[in-house]
Amino acid sequence: MNSIIEAAQAKRAAPVMATSPMTLHLLQPHEYPRWDAFVRACPDATFFHLSGWQKVIEGSFGIKTWFYYVQQDGQILGVLPLAEIRSRLFGHSLGAMPFCVYGGPAATTDAARAMLDQAAHELAQKLGVGHLEYRGMQRFHPDDASWHTKELYVTFRKEITGDDEANLNAIPRKQRAMVRKGIKLGLRGEVDDNVDRMFEAYARSVHRLGTPVFPKKYFAMLQEVFGDECEVRTIVTEDNRLVAAVLSFYWRDEVVPYYGGGMDLAREVAGNDFMYWNLMQAASARGCRLFDFGRSKLGTGAYDFKKNWGFTAQHLPYEYKLYGATALPDNNPLNPKYQLFIKMWKKLPLPVANFMGPYIVRNLG
């Protein structure tokens with residue numbers, strides 16, 4: 001008799017196994033807190049999986065998004081933000097959030113990830129896109145021949161400590177000398193509650209490179225939506241002349257300098273070098289232990305700059321699944337067919353480039 005009672009008690013005390021099936025849903029605004037709670041706890045998720053990107057991308061560019069999630073017994077098991085880019089010039093695609101370096105399914109179970117994959121596949125077919133794209137630091141489907149990858153982007157990530165002297169000494173000698181030059185010249189960093197100065201420095205930089213500028217409201221929305229996790233840091237001289245500025249994201253114990261630029265003066269005073277050092281100092285003091293220098297294309301000046309800081313390039317094996325397209329996308333400034341456009345863009349007056357840029361950049365993704 002006692003054994004029967006003990007067995008019954010053990011059965012009641014045992015964890016209740018999930019009985020309901022997994023279900024697929026589209027995120028609704030009132031569910032943002034649930035979504036973000038999962039993203040912050042999921043090891044595979046990144047800053048670019050947060051729900052705020054839906055508001056930013058749709059509000060800044062008018063781009064259609066689908067934020068899928070899978071749940072079981074009231075618990076979210078996986079998420080997948082997707083957006084559609086439709087352009088006569090750059091093609092028709094579905095994939096990770098535009099202008100985000102990471103993105104793809106983030107899930108705690110293989111079954112949830114498979115359900116999200118299937119949802120993306122069906123949506124891609126329904127929309128008639130050329131390709132579907134996931135962006136990750138590792139491949140999502142390394143053994144699936146229907147998913148392709150290519151060598152184009154790398155990221156630069158490096159651990160930092162809470163000791164400024166140790167972080168400074170970890171910078172290679174020549175680059176460290178540039179940082180010390182900025183320090184000696186009295187440059188200083190200021191945190192802005194708006195994007196005005198940052199946009200001025202950023203717009204001048206991308207114009208020099210011959211690439212279209214993002215709309216100013218995009219940066220303002222990033223700052224508004226992500227709050228303390230989005231910082232605008234401006235570098236000025238002792239007499240308050242604008243040198244450079246960077247918009248960064250804080251995520252877990254990482255800092256991600258994401259959009260930045262410098263005035264012409266920056267070259268004279270080592271402004272960009274000082275800017276990233278000043279950010280590294282601030283991030284270290286805030287408790288960050290990883291500096292994510294961000295994505296760069298192979299063979300570019302940005303790639304060389306980050307390598308000179310002692311960062312090691314890590315390949316980003318973005319994945320592409322072809323539908324209507326017959327070749328992998330190649331929408332980047334290194335493509336020879338865009339060189340004439342870049343040369344012409346550099347010659348545009350800055351106000352004209354700033355006016356026209358947002359109409360073009362929304363189609364790039």
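Predicted model: local features only at pLDDT ≥ 70, side-chain atom pairs only at ≥ 80, totals over all residues.
Figure 1. Arg157 counts as partly exposed, at 22% relative accessibility.

**Figure 2. Lys306 is a buried lysine without a salt bridge.** Lys306 belongs to helix H11 (residues 301-308). Which side chain of opposite charge is nearest to Lys306? That side chain is Asp292, 7.3 Å away. Lys306 does make a polar contact: its side chain meets the side chain of Ser296 at 2.8 Å. Beyond four places in sequence, the contacts of Lys306 include Phe156, Phe293 and Phe311. Gly294, Arg295 and Ser296 are also in contact with Lys306.

Figure 3. Arg40 lies in helix H2 (residues 32-41). Glu229 lies in the loop between helix H8 (216-226) and strand S9 (230-236). The pair therefore ties together parts that are 189 residues apart in sequence. Arg40 is partly exposed, with a relative accessible area of 41%.

**Figure 4. Arg113 and Asp44 form a salt bridge between a helix and a loop.** The side chains of Arg113 and Asp44 meet at 3.2 Å, N to O. Arg113 lies in helix H4 (residues 110-127), and Asp44 in the loop between H2 and helix H3 (52-61). These parts are 69 residues apart in sequence, and the pair ties them together. Asp44 is partly exposed, at 43%.

**Figure 5. Salt bridges join four charged residues into one network.** The members are Arg188, Glu190, Asp192 and Arg197. Shared partners connect their bridges. How many salt bridges does a search of the whole structure find? The search finds 16.

**Figure 6. Tyr259 sits in the largest nonpolar core.** This core has 56 residues. Tyr259 is among the members that touch the most other members, together with Trp53, Tyr218, Phe219, Leu222 and Phe249. Helix H7 (residues 196-209) gives the core its largest share, six residues. A second, separate core has 29 residues, including Ile235, Ala244, Tyr276 and Leu279. Leaving out residues up to four places away in sequence, Tyr259 touches the aromatic residues Phe99, Tyr202, Phe214, Tyr218 and Phe219. Tyr259 also touches Met198, Leu222, Ala245, Val246 and Leu247.

Figure 7. Most residues other than glycine have a negative phi. Phe99 has a positive phi of about 70 degrees, although it is not a glycine. Phe99 lies in the loop between strand S4 (91-95) and strand S5 (106-107). Its relative accessible area is 8%, so Phe99 is buried. Asp73 has a phi near 50 degrees, again a positive value in a residue other than glycine. The loop that holds Asp73 runs between strand S2 (65-72) and strand S3 (75-87). Asp73 counts as partly exposed, at 42% relative accessibility.

Figure 8. Cys42 has a relative accessibility of 1% and counts as buried. Cys100 is buried too, with a relative accessible area of 0%. The structure holds zero disulfides.

**Figure 9. The views above come from a chain of 365 residues, of which 51% count as buried.** The protein chain has 13 helices and 14 strands. Among contacts with a separation of 6 or more, 73% join residues 24 or more positions apart.

Methods:
Residues numbered from 1 in each chain as written. Heavy atoms only, no water. Disulfide = S-S within 2.5 Å. Buried < 20%, exposed > 50% of the residue type's maximum accessible area, 1.4 Å probe, protein only. Helix = DSSP H or I, 4+ residues; strand = E, 2+ residues; numbered from the N terminus. Lys, Arg positive; Asp, Glu negative; His and termini not counted. Polar contact = N/O pair within 3.5 Å; in protein donor to acceptor, adjacent residues only side chain to side chain. Contact = heavy atoms within 4.5 Å. Core = buried A, V, L, I, M, F, W, Y, C linked by side-chain atoms within 4.5 Å.
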